[in-house]
Amino acid sequence: MALLETKGLSKSFGGVQALQDVDVHIEEGSIHGLIGPNGSGKSTFFNVISGVYRPDSGSSVLFDNHEISQLPPHKITELGISRTFQLLRLFLEMTVLENVMVGYHCHTPYGFLSPILQGSKVREADEKIQDEMIEMLQFLGLASYANLPAGELSGGQRRLLSLGRAIAMKPKLLLLDEPGAGLSPVNVDHLMHTILSLKEKYKLTVVVVEHILKVVMNTCERITVLDHGQKIAEGSPEEVKNDHAVIEAYLGREMADEDIRQVIRA
Ligand SMILES: Nc1ncnc2c1ncn2[C@@H]1O[C@H](COP(=O)(O)OP(=O)(O)O)[C@@H](O)[C@H]1O
Ligand SMILES: [Mg+2]
């Protein structure tokens, strides 16, 4: 069953057609890769799905049996889509634990300041949630930093924390935009394995944009390839790797990225 299905999804910015008639089908419970050269529309895809931008008229985005293409971001979050950003947007002066608590409170009816306003019942509930959040931090290997300011974490740990905050929102669908940006290939590989175990533990469906193709090929069940805002291929890693249009899109542009060449020639 599809958890997310787009039909004729388009988005233009003035003269730039960032997405053009994109049909994507994301199977519930899967990990789905989204790849394509720089500027091909990957981040725009996330931005229209999560409601940051409204898609052009005629676009349809069906999520969990709801048409969401005209909804504002907070409604889409409530329905169960959460995301990470290419730039992390953590609260660096707040503690690691507080950063994930903010994520959690985005999805409760109480809101972030309510423990002060509503007294002991909410405080009790809050303690239970804190335990839950600490368990998640343990899973991410961040529990021993729970009470440190997020600003003291390394780059890799900040990536994990932003992942934790997105998961704290209890989504059904998690959109990850270059979760491994700035990490070495080995660390990205490690991060993807963490993401795979999180997907199992929290019963998530995941869509991930990642430019290290080898990593995408190793972890994703299906892959969609964008080029100039259009879908040029979709299928299993094996199918995508051997697709002529995909090879053209990457190699035709003489990208220097040795990783891409290795994957395509493998
Ligand atoms: N807010 C915006 N305003 C104008 N143009 C944009 C905006 N966001 C994206 N674009 C353009 O849309 C195209 C796709 O961008 P993007 O989705 O960021 O690509 P990717 O994430 O694949 O690198 C690019 O040409 C980019 O310049
Ligand atoms: Mg991008």
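Which residues does leucine 173 touch, not counting residues up to four places away in sequence? The legends below take up this residue after an overview.

**Figure 1. Overview of the predicted protein chain.** This is a predicted model, in which local features need pLDDT of at least 70 and side-chain atom pairs count only at pLDDT 80 or more, whereas totals for chains, interfaces and linings use all residues. Residues are numbered from 1 along each chain as its sequence is written, and chains are lettered from A and ligands numbered from 1 in the order in which they are written. The protein chain has 11 helices and 10 strands, where helices (H or I, at least four residues) and strands (E, at least two) are DSSP runs numbered from the N terminus. Of the 266 residues in the protein chain, 40% are buried; a residue is buried if 20 or more other C-beta atoms, placed from the backbone, lie within 10 Å of its own, exposed if 12 or fewer, and partly exposed in between. Among contacts between residues at least 6 apart in sequence, 65% join residues at least 24 apart, a contact being a pair of residues whose C-beta atoms, placed from the backbone, lie within 7 Å.

**Figure 2. Surroundings of leucine 173.** Leucine 173 is found in strand E7 (residues 173-177) and touches Leu3, Leu4, Phe63, Gly80, Ile81 and Thr205, residues up to four places away in sequence being left out. With 23 other C-beta atoms within 10 Å, leucine 173 is buried.

**Figure 3. The shell around ligand 1.** Ligand 1 is surrounded by Phe13, Val16, Ala18, Gly36, Asn38, Gly39, Ser40, Gly41, Lys42, Ser43 and Thr44, a residue being near the molecule if its C-beta atom, placed from the backbone, lies within 6 Å of it. The elements that give two or more residues to this shell are strand E2 (16-27) and helix H1 (42-49), and H1 gives the most, with three residues. By class, the shell has three nonpolar, seven polar and one charged residues, where Ala, Val, Leu, Ile, Met, Phe, Trp, Tyr, Cys and Pro count as nonpolar, Asp, Glu, Lys and Arg as charged, and the others, Gly among them, as polar.

**Figure 4. The four-stranded sheet.** Four strands form an open sheet in the order E2-E1-E4-E5, with antiparallel pairing; two strands pair if DSSP finds at least two bridges between them. The edge strands, each of which pairs on one side only, are E2 and strand E5 (66-67). Strand E1 (residues 2-13) and strand E4 (residues 60-63) pair over four bridges, with threonine 6 standing opposite valine 61 in E4 and glutamate 5 having leucine 62 as its bridge partner. E1 and E2 pair over eight bridges, and phenylalanine 13 stands opposite valine 16 in E2. In the hairpin of E1 and E2, which has two residues between the strands, glycine 14 takes a positive phi near 55°.

Figure 5. A second open sheet is formed by six strands in the order E6-E7-E8-E3-E9-E10, and its pairing is mixed. Its edge strands are strand E6 (81-83) and strand E10 (230-235), each pairing on one side only, and neighbouring strands of this sheet are turned by 20° against each other on average, direction ignored. Five bridges join strand E9 (residues 222-227) to E10 in the antiparallel sense, and aspartate 227 stands opposite glutamine 230 in E10. H1 packs on this sheet, touching strand E3 (31-35), E6, E7, strand E8 (205-209) and E9, and its direction makes about 145° with that of E7. Seven of the eight residues of H1 are buried, so the helix is largely enclosed by the rest of the structure; the buried residues are Lys42, Thr44, Phe45, Phe46, Asn47, Val48 and Ile49. Just after H1, glycine 51 takes a positive phi of about 90°.

**Figure 6. Packing of helices H3 and H6.** Helix H3 (residues 96-105) and helix H6 (residues 155-168) pack at an angle of about 35°, with their axes 7 Å apart; axes are lines fitted to C-alpha atoms, for helices over the stretch in contact, and angles run from 0 to 180 degrees between N-to-C directions. Val96, Asn99, Val100, Val102, Gly103 and Tyr104 in H3 meet Leu161, Gly164, Arg165, Ala166 and Ala168 in H6. By class, this contact has seven nonpolar, three polar and one charged residues.

Note on methods. Two residues are in contact if their C-beta atoms, placed from the backbone, lie within 7 Å.
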